[in-house]
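The following questions and answers examine a structural model. Please read them alongside the sequence and the coordinates.

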Amino acid sequence: MAALIATVLALPLAAEEVVLGLSRNSIAIDTTFDGSEILLFGAIKREEAIPPSELGIVVAIAGPSQPLDVRRKERRFGIWVNVDAVEVDSAPSFYAVATSGPWSQVLSQVEDLRHKISIPRAIRSVGAPGGVVDAQSFTDAVIRIREQSGAYLIREGAVELREQTLFQTSIDLPANLTEGDYVTRIFLTRNGSVVSKYETIIDVRKVGLERWLFELSRENAVLYGLMSLAIAIGAGWGASAVFRLLRQG
Amino acid sequence: MQIYLPIAEVSVNIFLLLGLGGLVGVLSGMFGVGGGFLMTPLLFFIGIPPAVAVATGANQIVASSFSAVLAHFRRRAVDLRMGTVLLIGGLIGAGFGVMLFNYLKALGQVDLLVTLFYVVFLGIIGALMFVESLRAIRRTRRGGPVAKRKKHTWIQKLPLKMRFRTSGLYISVIPPVLVGMAVGVLAAIMGVGGGFIMVPAMIYLLGMPTKVVVGTSLFQIIFVAAFTTMLHATTSHIVDVVLALFLLVGGVVGAQFGTQIGARMKAEQLRILLAILVLAVCAKLGLDLLLKPGEVFSISEILPS
């Protein structure tokens, strides 16, 4: 009985659904790679008339996550030294969020917490070691530093919504892109609560020479090291020989 | 023209890398220093991750030092015997240094200790060298005879004497081995080749002629940097060969020009320029400690081990 009620209650939620298109679902990093733009476009599929409540679209792209060490300097005996350190368990190397309107209108706090959409929610930090009272300021610092470097982007109102049916946005991926799966999520919201969600993966991979060198450096490290040294010695010898010829000639 | 670096995972301008390599190469050829102390912060500044910058810098140093040492060889300005003795000391010292480094790391605060060490050490070396070479320059201006630098008498009394023909020395091997060891320890802790500590030590402690010092220092730096490169390549996989390639093309050309400039200069002029360089690095590090940083927080990725 309870299950039936739940299904009935859930039904209207599925009345609207996101259909998504991507300008590309994989990005190849070759030697000339210099950033890339991804165009996301889609439509809202529905079986009934457009509901009167407020519609919102939130797009989030997250790069692969990694643990971070965050340190804070303080003045001790007249010099600036690292005093406190907090380990952030997982922070995405890249994160971009775009919305169709002001943040507070398109997404409620509760839904943000549940789906971990905004940047502070996307970073996972279990806790600070004893003695650090303001662990939050360390997470804030990660966000601040990465926003400045362009790795974290917030684009409020950057999703264009037409006739409550069609939407599109574009997101710039920076030149210092890390390889991996970029999880792309689209949320459809009504009055700030998520009614439909679509998730796909943009595959970012090195190709060609980049791929070959990267794999060689991991799988055949000794050979890779020797190759690097051989190039260095060869170039050093070559330059010396060329200069000797130039001086004689 | 941009190029994406496979290990550093950033896209950078090719000509910027060539220029950077060239600049550091000139210094390397002139003074016999590897230039890692200059290259690492410059690479960091253009957006290369610090760990990759250190490891790749070592590979570039192999190239520019090799290029420069060949030029010095032709001029018979490399004391192979002294270089080998220093290198043996250096390798023993580096072993101790790595152990000491891990011990300090376990205590925490290793960065601070390294920087403090750097500032004090560079400050003393730079200042002493500056004063000494200034005096030497004044003396030659007055037209007086070039005074022989004072040789330490206690060094002459040590056993195990060996003849170093290229340097014109007949001294015990104990002081060069000790100098090599001390530099090895410092190099391992500070993560640099140690050229700009080695060069003053050879001039003032061992009494070697300045012209021979540059080539001999380069000779042993090649081995230290090659060892460092292999260590980084096999343990943490952070040597970026594409980055190294562009840096070293600039570096080897710069090193050739550097050697020519160095050969045309007087020994005391060379010494005073190196002293100024050392003092400048010292001042920069000192200010970093004293001034409030723009951002008190710093992030570093934890590498999966």
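Q: How many residues of domain 2 of chain A are in contact with domain 1 of chain A?
A: In this predicted model, chain A is divided into domain 1 (13-206) and domain 2 (207-249), with bounds that come from an automatic or database domain assignment. Contact requires that the C-beta atoms of two residues, placed from the backbone, lie within 7 Å. Six residues of domain 1 of chain A meet this criterion with domain 2 of chain A, and the number on the side of domain 2 is six.

Q: Which elements give two or more residues to the side of domain 1 of chain A that touches domain 2 of chain A?
A: Helices (H or I, at least four residues) and strands (E, at least two) are DSSP runs, numbered from the N terminus. By class, this side of domain 1 of chain A has two nonpolar, one polar and three charged residues. Ala, Val, Leu, Ile, Met, Phe, Trp, Tyr, Cys and Pro count as nonpolar, Asp, Glu, Lys and Arg as charged, and the others, Gly among them, as polar. The elements concerned are β2 (26-29) and β12 (193-206) of chain A.

Q: Which element gives the most to the side of chain A that touches chain B?
A: The contact takes 46 residues from chain A and 47 residues from chain B. On the chain A side, β5 (65-76), β6 (79-92), α5 (135-148), α6 (208-219) and α7 (221-248) each supply at least two residues. The greatest contribution, 16 residues, is that of α7(A).

Q: What is the bridge partner of A:Arg72 in β5(B)?
A: Strands pair if DSSP finds at least two bridges between them. β5(A) and strand β5 (residues 297-301) of chain B run antiparallel and are joined by five bridges. Within β5(B), the partner of A:Arg72 is B:Phe297.

Q: Which residue in the turn between β3(B) and β4(B) has a positive phi?
A: Four bridges join the antiparallel strands β3 (residues 161-164) and β4 (residues 169-172) of chain B, and B:Lys161 has B:Ser172 as its bridge partner. The two strands form a hairpin with four residues between them, and the turn residue with a positive phi of about 70° is B:Gly168.

Q: Where in chain A is confidence lowest, and where is it highest?
A: The pLDDT is the predictor's confidence in each residue, from 0 to 100; the mean for chain A is 85, and 92% of its residues reach 70 or more. The lowest confidence is in helix α1 (residues 2-10) of chain A, at a mean of 47, and the highest, at 93, is in strand β7 (residues 95-99) of chain A.

Residues are numbered from 1 along each chain as its sequence is written, and chains are lettered from A and ligands numbered from 1 in the order in which they are written. In this predicted model, local features need pLDDT of at least 70 and side-chain atom pairs count only at pLDDT 80 or more, whereas totals for chains, interfaces and linings use all residues.
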